[in-house]
Amino acid sequence: MNPSASIITALLCILSASPGMVTAQQRELTLEECFRLARQQNIAVEQARRSLDARQQHLKAEEATYFPKIDLLAGYNYLGQPLEINLQQVKDGIVEGSSQQAVSSANTVYKEITGNNLPQPVQDGIYNTSKNIIGTVYPNYNPPLSKQSYFTAALGLRQPIYLGGKLATARNIASAEYQSGIVNVELVEKQTDFALAAAYIRILYYNAVLQSQGRIVTAMERNERYAASLVSNEIIPPYQRNWATVALTYARSRQQNMALEKENALVELKRLLQLPQDTVLTITDTLRYRSLPNTATPVEFWKGNPAWKAVDSKTALAETTVKATRSLNLPNIFGIATLNLYQRDLPVITPPWMVGVEMQWTLFSGFSNQKRVRASKLLVEEVKLASDNTRSLLEAGATVVRNKVTVLERDLQSLAQARDQATLTTAQVQERLANQLSSVKDVNESLLLEEEIGKAYYAALFGYMLAAAEYYNILGTPRQITTLLQ
C-alpha cells in the first residue's frame, strides 16, 4: 500500500465530515460522510458542474450579442492585369456624340447673333469635319487605371438594430440550456447518491453475513474439536469426525469468498468516492431491519424528481426553438459604419468614413423555414409527451417499489422466525450430541441449515433496503435512506 496516498485520502474523508479526526481507522465511515465526500470529488458530479459553467458562459455571451461588432478589415488584391478603360468599345458613341455637340454649339452661337439656325449644308459640313478630326485623334488603345496590386485597411462596425427577435430568442435558448444544466447537476448528484447508497448497503450486507458466517464457523470448529475428543475416547468412529472436518472446510471457504465479495464492494465504493484503491476504509456496521415509515406517497412528488425536471426543462427549450424558427422569416436591420485606415494603389479615392443602414430579408428559402417551424412544433409535442411519460413511470415505479417493500417485509418476518427456530434447533441438537443422543453429522446438518436460512434472511434484508433506497430515489430524495441505516 502507498502510505502517503492512504493517509491523505483518509484525512480527506474524515475531515470532510468532522475536523479533528486523524485517520480513517479511528472512525466508522458513515453513509452521510460518503455523500459529502462524493459532492467534492466524484467525477460525474464535477463533469456536470463543468457543463453548467460552460452553459453559463454561453448565456453571458448571448447576452452580449446586442453590443456592436467592430472588425478590422484588411485586404491585398493582385490582378491578372491592370484595370483599364475600354475606350474602343465606346469609340462610335463618343465620336458621334462629340460631332453632334460641335454642330449644336455652332448653331447656338449663330442663332444668338442672327436669330436664325445655321443652314443645313453648313451644319452637315461642321458635323463631318468634327467627326473626321475626332476620329483621327481618338486613342487607339485602352489606358490603364491602376497597378496590378493594391492594399486596403479599414475598421468596420456593425450594430444590430432589429433582427426579428433573433437575439432575444438566442438569449432565451441559452437561458433554457443553463436551467437545464442546473437540473442536470441535480440529476447526476441524485444518481450518485443512489449508487453510493446501494454500494454502502451492499457492504453492510456483507458485514452482516460475515458476522453470521463467523458464528457458524466457530460452532463448526467447536463441533470438530468435540468430535475429535469423542474419537480419541473411542466413543464415535473416526469417519464421523471427517464429516465435521469437511463441513468446517467448506464453511471457511464460503467465509473467505464472502470476504472477497466485500472487498469488491469496497472497490466500487472507493471508485464512487474517487479515492485511491489502496485507501483503507473502516465500515464495520451491519445491516439491520428498520421499518420504512408507512406514509402515503406525497402528491405530485414527481415534480421534485430531477429525472422529471430534466425532461420538463426541455419544454421551455423546445418552445423557444419555435420562436427562433419563426424569426427566420423576419428581416434583419443593422447599422453599419466604416473608417478607412489605409489604402495604397487603389484605382479610386474612397471617403475617409461612411455610415449607413443595411437590411437583410430572406424572401424565399424553398419553404425550408416553414418546415423548420413545423418540425419545432412537433418537437414541443414530443417533449410534452416525454414529460407525461416520465411522470407516469415515476408514479407507477413508486407504487411498484412500495409494494415490493411490503412483500419483502413479510418475507423478513417469516425468515426471522425461521432463523430463530433454526438457531434453537441447532442448540437442541448440540445438547443431544452432548448426551450422546445425536451424531456429529446431525450437528453439521443443523448448522448448515441455520447458515442457509441466515443467508436467505440477510439476502431478503438486503433486497428490502435496496428497495427502500430505490423508493426514496424515485421520490427524488435518495439521501433519506440514511434514516434506515442509523
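Modeller: Start with Glu62. Glu62 is buried yet has no salt bridge. Buried means under 20% relative accessible area; exposed means over 50%, and partly exposed lies in between (1.4 Å probe, protein chains only). A salt bridge is a side-chain nitrogen of Lys or Arg within 4 Å of a carboxyl oxygen of Asp or Glu. The nearest side chain of opposite charge to Glu62 is Arg171, 6.8 Å away. Here Lys and Arg count as positive, Asp and Glu as negative, and His and the chain ends are not counted.

This is a predicted model: local features need pLDDT of at least 70, side-chain atom pairs count only at pLDDT 80 or more, and totals for chains, interfaces and linings use all residues. Residues are numbered from 1 along each chain as its sequence is written, and side-chain values use heavy atoms, with hydrogens and water left out.

Where does Glu62 lie? Glu62 is in helix H3, residues 43-63. Helices (H or I, at least four residues) and strands (E, at least two) are DSSP runs, numbered from the N terminus. Leaving aside residues up to four places away in sequence, Glu62 touches Ala170, Arg171 and Ala174. Contact means heavy atoms within 4.5 Å.

Now the pairs. Side chains of opposite charge can pair when their charged atoms come close. The whole structure holds 15 salt bridges. One of them joins Glu32 and Arg479, at 3.5 Å, N to O. Glu32 lies in helix H2 (residues 31-41) and Arg479 in the segment after helix H10 (440-475), so this pair ties together parts 447 residues apart in sequence. Glu32 is partly exposed, with a relative accessible area of 29%. Arg479 is partly exposed too, at 26%. Both belong to a network of salt bridges that also links Arg39, Arg49, Glu189 and Asp193.

Next, Lys309 and Glu186. Their side chains meet in a salt bridge of 2.8 Å, N to O. Lys309 sits in helix H8 (residues 306-327) and Glu186 in helix H6, 123 residues apart, and the pair links distant parts of the chain. Lys309 is partly exposed at 25% relative accessibility, and Glu186 is partly exposed at 29%.

Last, a pair within one helix. Glu268 forms a salt bridge with Arg271, the closest N and O atoms being 2.7 Å apart. The two are three residues apart in helix H7 (residues 238-273), so about one helical turn separates them. Glu268 is partly exposed at 33% relative accessibility. Arg271 is partly exposed at 45%.
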